[in-house]
Amino acid sequence: MKLDLDYTLNVLKELLAIDSPTGFCHEVGIWAKEQFEKLGISAEIKQKGGVFADLGALCKKENDDNAILLSAHIDTLGAMVAEVKGSGRLRVRPVGGLSASNTETEFVKVYTREGKSYDGTLQLCDASTHVNGAANSTVRNWDNVEVLLDEVVSSAAETKALGIDNGCYVCVNPRTVITESGYIKSRYLDDKLSAAILLGFAKYLVDNGIKTERHIYIHFTVYEEVGHGAAGICPAGVTEILGVDMGCVGNGLSCTEREVSICAADGSGPYDYDINCALVAAAKRHDIGYAVDIYPYYSSDCSVAVRNFDLRHALIGAGVYASHGYERSHTDGVLNTMKLLAAYLCEEQYPDA
């Protein structure tokens, strides 16, 4: 029994190529539902647009009063048109925590309500350094970074004639690269990498005919980046939510991109101590590369769910560097995360080395 890394990376690349900032997730929801159905797993798109998959057919029990909900989010950071300027250029405002300082010069797509899209670039206002002597010293924020459309427009009327107006979504190119050394570089690894990992884990269960001790549900949420992704949905019998989200990498933390991170606590408070102990013990038993960290500026779908439901909660994920920017992880971190899921949820059928 082996984990299918190639499948996981292939679905990751497909997923990253679908623009899906929070609130603009219709296409990615259809895609995710289709991936579960290709694996023979029942899935539905919920009212908020999230995708909910039921792996009950893989459970040994017909009725499980200790079911587990695995959660990842497929919404990303993005932006929205706030003003069509007199020049025909666009002032935008972020959706989620997108930063002007690390998106300047990035290629974007602007989507109209009629389903058309137009290419453009995020640039500093008056970006030519041979003209603007203060260009290098200007603080980058959303008041002085704008979208230049790759269309012949020089007025607000000409831009609006394309169908572009306030409230249209602006999506930043993810620029996905997987190197020969195993590094995965892209925007939106938070949290599409985890969604791909959960699809890879589901494929492992299906391919190997594994019957799990616990009824497993998987929820791909679509409002995590604005704080309410996992609010509202929890099937009867679920006692635990295990979030699979990016593991933090940075100064003062022990995780690297090649490990699975187990979050002890974040900005919302501590996670369930007993589950964390069980996750650490499972990682040690199987020599899984892991780290335990406290994330200083972080909150997850799990934190939202436990405000609404009486659940235990825990959080794991492949280490990701440069979060909310141009992010980097590694295939070792992907495999270690899938291995920890297997060790925790179906240890008797743990994958071959």
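S186 is found in strand 11 (residues 183-186), where strands are DSSP runs of E with at least two residues, helices are runs of H or I with at least four, and both are numbered from the N terminus. This is a predicted model, in which local features need pLDDT of at least 70 and side-chain atom pairs count only at pLDDT 80 or more, while totals for chains, interfaces and linings use all residues. Residues are numbered from 1 along each chain as its sequence is written, and side-chain values use heavy atoms, with hydrogens and water left out.

**Surroundings of S186**

- S186 counts as buried because its relative accessibility is 0%; buried means under 20% relative accessible area, exposed over 50%, and partly exposed in between (1.4 Å probe, protein chains only).
- The S186 side chain reaches the backbone oxygen of P174 at 3.4 Å.
- Neighbours within four places in sequence aside, S186 is in contact with L16, P174, R175, T176, Y326 and E327; contact means heavy atoms within 4.5 Å.

**Helix 4 with helix 7**

- The axes of helix 4 (residues 189-207) and helix 7 (residues 331-345) come within 10 Å and cross at roughly 50°; axes are lines fitted to C-alpha atoms, for helices over the stretch in contact, and angles run from 0 to 180 degrees between N-to-C directions.
- That angle makes helix 4 oblique to helix 7, since angles under 35 degrees count as roughly parallel, over 145 as roughly antiparallel, 65 to 115 as roughly perpendicular and the rest as oblique.
- Helix 4 contributes L193, I197, L198, G200, F201 and Y204 to the contact, and helix 7 contributes V334, T337, M338, L341, A342 and L345.

**Helix 1 with helix 4**

- The axes of helix 1 (residues 5-16) and helix 4 cross at roughly 140° and come within 9 Å.
- Helix 1 and helix 4 are therefore oblique to each other.
- From helix 1, Y7, T8, V11, L12, L15 and L16 meet L189, K192, L193, A195, A196, I197, L199, G200 and K203 of helix 4.

**Helix 6**

- Helix 6 (residues 301-308) has D301, C302, S303, V304 and A305 as its buried residues.
- These buried residues pack against strand 3 (67-73), strand 12 (216-221), strand 13 (238-244), strand 15 (260-266) and strand 18 (312-321).
- Where helix 6 starts, a side-chain oxygen of S300 reaches to within 3.1 Å of the backbone nitrogen of C302.

Methods: A polar contact is a pair of N or O atoms within 3.5 Å; within protein, one must be able to donate a hydrogen and the other to accept it, and residues adjacent in sequence count only if both atoms are side-chain atoms.
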